[in-house]
Every structure is written in C-alpha cells, then in structure tokens.
Amino acid sequence: MLKVFKRLNAHEWALISISIALVVAQVITDLRIPGYMSTITRLIETEGSTMNEILRTGGMMLLMAVLSMLVMFCSGFVSSRLSAYFSRDLRNQIFHKVQTFSLEEIDRFSTASLITRSTNDVAQLQNFIAGGFTMIVNMPITVGIALSKMAGGHWQWTVLTTACVIIVLSVVIFVILYAHPRFRRMQVLTDNLNAVTRENMTGIRVIRAYNAAGYQMDKFTERNDTLTKNQTQAQRAMTVMRPTMRFTQNILTIGIYCIGAAIISRSSSTEALTTFSTMVVFSNYAARILFSIQSLNMIFNQIPRVTVCANRINEVLETDVKVKSGTDTENDASKEGTIEFRNVSFRYPDSEEDVIHDISFTANKGETVAFIGATGSGKTSLVNLVPRFYDATGGQVLIDGKDVREYDLKTLHNKIGYTPQRAVLFTGTVYSNVNYGENNNTYNEAEAFEAVKDAVRIAQAKDFVEEKEDGYFTFISRGGTNVSGGQKQRISIARSVFRKPEIYIFDDTFGALDYKTDRTLRAALKEETAGVTTLIVAQRIGTIRDADKILVLDDGEIVGMGTHDELMKTCMIYREIAYTQMSEEELA
Ligand SMILES: Nc1ncnc2c1ncn2[C@@H]1O[C@H](COP(=O)(O)OP(=O)(O)OP(=O)(O)O)[C@@H](O)[C@H]1O
Ligand SMILES: [Mg+2]
C-alpha cells in the first residue's frame, strides 16, 4: 500500500504535513483536559480554595475543549482536501497508463476490472485517507502522552490496564486475520458484478429481443448475492469489535475505581485525596488509550480492503506495457508505404497455439493486398500486427524496410489509416468523428473542414450527411447508435481517409455496405488514393477481385497467393469461395 503513497506530489505532501501538525495540536490540547480535571478535584477537596480558582481552571478546561474542536475541524478539512486531490491524481494516472496499454494488457485485466480499479478502488483509498489517516497519526501520540501521564499511578492499575490492552489487541488481530481474505475477494467480486452490468448495457438490444432479461437478471442476482454474502461475512467479524471494546472499557473503569477504593480505604486522608485525584486522571487516560485502540479497529476495518485496492491500483500503474514505443520518427519518402511480413507467427497471450503461422508477403507502394478466408482464419489477427495492437510472436513485420517495433508509436500510427471490423464512433458530431485524433497534416480550420468534406465524399457518406439538418455537425451519440450500421462504417472509413495515410487497413470494412456502395466506394478510393498501399480484408470476392495480390488464409496459414485469375486456376479453397458467391458466367 505504501507504494501508492509514493505517488503523492509536493502539494499533497504539504497537506499531509499540515494535517499531521493539526492532529498533534489536537491531541495535545485534548490531553490537557484530564489534568485540569484533577486540579479541580484537588481544589474541591482542599480547604481554603476559592470559587474563583475553580472557575478559572474550569474555564481553561472549556477553552482547551473548544480549541481541540476547532483544530479537529481544520484537520478534517485538510484531510478531505488531501484525499480528494490524491484520488483525482490517481485516477488521472490510471487513465493515462491504460491509454498506453496494448490490447494484450487490456485483455489481461479485463475492461470491467479496469473500470472498478479506476473508480471504486480509488474511492476506497480516498475514504481511507479522509478518515483513517488522521486516526493513524492520532493513535501513537495519544498513547504515548497518556502513558507518560499515567506513570505515577499504582501498579495494580497498570497491570489491569495492560491486561485490557492485551485483550483488545488480540480481538483486533483476530478480526484482521479473519476479515482480510474476505475483503480481498470483495474487490474481485465487485469486478464480476461490473462485468455483468456492462454486458447488460452493451447487449441491451439482444437481451430484449431474446426475452433474456430473466436470464441476465439471474446472472446478476447470483453475483450480487455472492458479493453480499462475502460482505456480511467480513462485516460479521467487525461486529464483534465494538461490544468487546465497550465491555473492556467499562470493566477497566470499574476495575480502576474498585482498586482505587480499596487503596483509599487503607490510607490516611491526605494520601486518600492524592490517590483519588490520580485515579480520576488515570482512569481517564486509560479510557483514552482503549479508545485509541478502538479507533485503530476502525482503521483496521478499512486497511484490509484498502490494501487490496492499493495493490490493484499499483498493478495497473506498474504494468510493464509489452508494446513499447520505438524511437524512429523518420519517414522515408522514397519507400513510403511498403509493408513486408517476414515469417510472421502470432499467438494470443493466453492461448496454447499460434493463430498465424509463418506468413510472408510483401505489399509494395501503392499496391492493394487482399485477405480472404473463412471466419476465424486469422485475418483480423494478421492485420492487427501492422499498427502493433499486438506484437508478432515470431518473425518480423516491416514498414518501409524497418521493423514496426523500431518506430515511435505515434509515427507508426500516423502512417496508417485503420478501419476496424466493427466501426467505432465517439460521442460528438460527424465532423469530430472524421477529424479525429492527431495526424501529420497541418490544416487550418477552413482547410480541415474542406478535408473532412472531401473524406466524407470519398467514403460515399456525403449524401446522407448533407441530408441531415445539421449536416457535418449532426450529433453522434455514444457508440454511434443514432446512425445505421452502413452509415457508421462509412463515417469510420472517412476518418481513415481524412488522415491521408501511407497505408490503409480495411478490416472487412466493406461487408456492411450494399454491393453498389461497395463498388463506388472502392472506385472512389482507388482514384483519390492512388499510390497508397492498402491491406484489405474481405468476405466477398467482388470486393477484392481487382487487388494486386490476394492471400487466401486457412487456419492461420497461407494456402494461396496471387491475383484473382491465378488463384482461380491454382487455389482450390479460393475457387470454392468464388463459386459459392458468383455464377460461372459472372466469374468469367
Ligand atoms: N483476443 C483474442 N484472444 C484470444 N484468441 C483470439 C482473440 N481474438 C481472436 N482470437 C482467435 O484467433 C483466431 C483468429 O481470429 P480472427 O479474429 O483473426 O479471425 P478472422 O479471420 O478475422 O475472422 P472473421 O472473418 O470472423 O473476422 C480465432 O480462432 C479466434 O478465436
Ligand atoms: Mg476479423
């Protein structure tokens, strides 16, 4: 957990110092109160003391109480400020780190868990710092001062107090041992609950259509119940604490007074008076010590859970990102856009076998290389290696003759216009979705708008965008749910065209379009983007027929490579695909 605190900045350290100083001041003022109490007791019992003296001491006592309250108020203010800033910074750091993650790390943590970690886990830490932190500082100071003030007491009292402290400490330790593993599980169970909630949100349409609300509800209830059960078990241990504390505290007070009474009954009147006033002070401090330990219990209530949360946050922040940026920021203009796969193999992090085996091919500048093959044959996995969503596990992927791993990631991504298999749109407008992210172009505002219009036109989205009332500033809702599948796909294509990249990657992008749009779009692209190297994944022979090179994939292996005509002669699998899609006349 301490590792997390290493991330505090100077401002936060300053707040911590102020907070500590305030707590010390508060404890000192607070602990002066019993001293005044004993003075008053003595004054009352001593003949000849005046009312004035008593009132003055009483006044001081009241003043200390008020001071202590004020300081406590300030310290609460400072620590809540500290916790709020700290958690804000932590959330920022997590978000920033997750941005650098490759898909591999995201797969490993799971999206649901990353969300819990950056929200719930941080909130737990925040609560702890707001409340528990001052207690941790408070406890040793209180106990230290109290012990020094108790030094003059009778040994019987000390023995009794020590015994009580031991009892209370044992209970605290027992509870910690019992609750810790349960609190550990609690965060994992929260992850699970989040996962169902997320699934429920993203899949809402299918859930409705298949009347699966009940099934989803059962899934949710099951996980919710498990979480609740775990929580009750952990909390049950905690419930033992409070009554035990109270009881011990009462026993201690009664014990001290009994012992005191016995001692007083055996001593002279002056001795009795001293014993009585020490007893008042002693029992007061003893109660405070127990109270401190009890507050320790409150902290320990939180510590197991907070430690778990802190570790989980650290795990994210300390993850060694597999896909590391290279240093090369150069563009070699003469070779712009050549792609070469040299004996490339790839295996997903937690799977047993390669999904791509020993693939080699070259796409020269301006060429279109197409990939076709059954679902699951590894097409997406293959093209994902170019922008380094994952790194090849064997062989090399080269762009312009250099291994992709040598490039600075930003430089690499600026070379590529990538359109994913499932179009992704972000909350905003058509314009903000097309003019998205950073690229190599240096447009001013007017030029950018023209470029957006151009990209939209090439992507065959002009008609439907301009038909809308707000045109290019039509609102796009989260995930693009207010446009059709094909429209979404076309905006996503426009986004890649807008970048004016060296390389296009279209991962089955045209599948969502009707045949006519598919054809006109490809014709427009060909015309407008001559000289740009294109990798295109497709299901339809029609889409890739004109490609310079077609690779037929089967189970991650190349089973055919060549032009359409060559493959029709040489590749059985290709021929089969072709005949299922087109009649012989069409193919001829
Ligand atoms: N994130 C992942 N982790 C583990 N295995 C994966 C992952 N993504 C895909 N796979 C597996 O890799 C294999 C190839 O998948 P890939 O997505 O590359 O196929 P594809 O050819 O693009 O299929 P489709 O035409 O359906 O898009 C499949 O067997 C799939 O189960
Ligand atoms: Mg795919």
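**Briefing: ligand shell, domains and helix packing**

Ligand 1 is surrounded by 14 residues, of which the closest are Tyr348, Thr375, Lys379, Thr380 and Ser381; a residue counts as near if its C-beta atom, placed from the backbone, lies within 6 Å. The model is predicted: local features need pLDDT of at least 70, side-chain atom pairs count only at pLDDT 80 or more, and totals for chains, interfaces and linings use all residues. Residues are numbered from 1 along each chain as its sequence is written, while chains are lettered from A and ligands numbered from 1 in the order in which they are written.

**Ligand shell**
- Helix α10 (residues 379-383) contributes the most to the shell around ligand 1, with three residues; helices are DSSP runs (H or I, at least four residues) numbered from the N terminus.
- The shell around ligand 1 comprises two nonpolar, nine polar and three charged residues.

**Domains**
- The domain assignment gives domain 1 (88-318) and domain 2 (333-587), its bounds coming from an automatic or database assignment.
- The centres of domain 1 and domain 2, taken over C-alpha atoms, are separated by 53 Å.

**Helix packing**
- The axes of α3 (residues 51-100) and α5 (residues 111-150) come within 9 Å and cross at roughly 160°, the axes being lines fitted to C-alpha atoms over the stretch in contact, with angles from 0 to 180 degrees between N-to-C directions.
- Therefore α3 and α5 are roughly antiparallel to each other (angles over 145 degrees).
- The contact of α3 with α5 has 13 nonpolar, eight polar and two charged residues.

Terms used: Helix = DSSP H or I, 4+ residues; strand = E, 2+ residues; numbered from the N terminus. Nonpolar A, V, L, I, M, F, W, Y, C, P; charged D, E, K, R; others polar. Parallel < 35°, antiparallel > 145°, perpendicular 65-115°, else oblique.
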